[in-house]
Amino acid sequence: MSQPSPILSGIRQRCGQCGEGKLYSSYLKLHETCPVCRRDMSSADTADGPAFFVGFGVLLLLAPFLFLLPMSPLPLVPMIIAFIVLCAAVVGLSLWLLPVAKGVLLNLQLHHGAEEASFKPGSED
């Protein structure tokens with residue numbers, strides 16, 4: 001049996017090796033090992049990558065509305081309501097996409113064997 005795609009498994013928030021085990025024990029808290037295949041997930045660290053990509057993507061989608069809203073001819077109360085709805089959309093979309101992005105990046109790191117950089121003394125490049 002071949003390994004599932006790390007990207008598709010990350011989107012489904014499943015283990016990149018077996019495609020069955022859940023990645024998270026709670027919101028953004030990873031299991032130490034896969035509950036199904038026992039793959040060690042502690043060696044990969046996504047750090048701030050998922051938060052950066054999600055924040056950047058959500059703001060690319062919704063920032064034009066944040067800039068155009070003050071220039072709209074709406075009365076004050078509907079404009080305030082629209083601004084609150086837009087802010088809620090930014091927060092909600094970010095919170096919804098963050099586990100997905102973290103799952104994709106984690107599975108890609110484990111699939112490719114990415115690890116923290118280490119430098120050997122005396123190697124001049």
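Helices here are DSSP runs of H or I with at least four residues, numbered from the N terminus. Leucine 76 sits in one of them, helix H3. Keep in mind that this is a predicted model.

**Annotated spans**

- An unreviewed UniProt entry puts the label "transmembrane region" on residues 51–69 and 76–98.
- In the model, residues 51–69 come out as 95% helix and 0% strand, with the end C-alpha atoms 25 Å apart.
- Residues 76–98 are 100% helix and 0% strand, and here the end C-alpha atoms lie 33 Å apart.

**Nonpolar patch and leucine 76**

- Six residues, Leu76, Val77, Ile80, Ile81, Ile84 and Val85, make up a nonpolar patch on the surface.

**Leucine 97 and its partners**

- Leucine 97 is also part of helix H3, which runs over residues 76–112.
- Set aside the neighbours within four places in sequence, and leucine 97 is in contact with Val54 and Val58.
- Valine 54 is 43 residues away along the chain, yet its C-alpha atom is 6.5 Å from that of leucine 97.
- With a relative accessible area of 29%, leucine 97 is partly exposed, because that value falls between the 20% and 50% limits.

**Phenylalanine cluster**

- The structure has two aromatic pairs.
- Phenylalanine 52 and phenylalanine 53 have ring centres 5.5 Å apart and planes at 70°; the angle is over 60 degrees, so this pair is edge-to-face.
- Phenylalanine 52 also pairs with phenylalanine 56, this time stacked, at 5.8 Å centre to centre and 15° between the planes.
- Phenylalanine 52 and phenylalanine 56 are both in helix H2, four residues apart, or about one turn of the helix.
- Taken together, the ring pairs join Phe52, Phe53 and Phe56 into a cluster.
- Phenylalanine 53 is exposed, at 51% relative accessible area.

- As background, most residues other than glycine have a negative phi.
- Leucine 28 has 23% relative accessibility and so counts as partly exposed.
- Alanine 47 has a positive phi too, near 55°.
- Alanine 47 is in the loop between E2 and helix H2 (49–68).
- At 56% relative accessible area, alanine 47 is exposed.

**Serine 9**

- Serine 9 belongs to helix H1, residues 6–11.
- A relative accessible area of 1% is under the 20% limit, so serine 9 is buried.
- Beyond its neighbours within four places in sequence, serine 9 is in contact with Pro4, Arg14, Cys15, Gly16, Gly19 and Asn107.

Conventions
Residues numbered from 1 in each chain as written. Predicted model: local features only at pLDDT ≥ 70, side-chain atom pairs only at ≥ 80, totals over all residues. Heavy atoms only, no water. Helix = DSSP H or I, 4+ residues; strand = E, 2+ residues; numbered from the N terminus. Buried < 20%, exposed > 50% of the residue type's maximum accessible area, 1.4 Å probe, protein only. Contact = heavy atoms within 4.5 Å. Patch = residues over 30% accessible without salt bridge, like charges linked within 9 Å, V, L, I, M, F, W, Y side chains within 5 Å. Areas by Shrake-Rupley, 256 points an atom, 1.4 Å probe, with all protein chains shown as cover. Salt bridge = Lys/Arg side-chain N within 4 Å of Asp/Glu carboxyl O. UniProt positions renumbered as here; feature names shortened; annotations may be inferred. Phe/Tyr/Trp six-rings, centres within 6.5 Å; stacked < 30°, edge-to-face > 60°.
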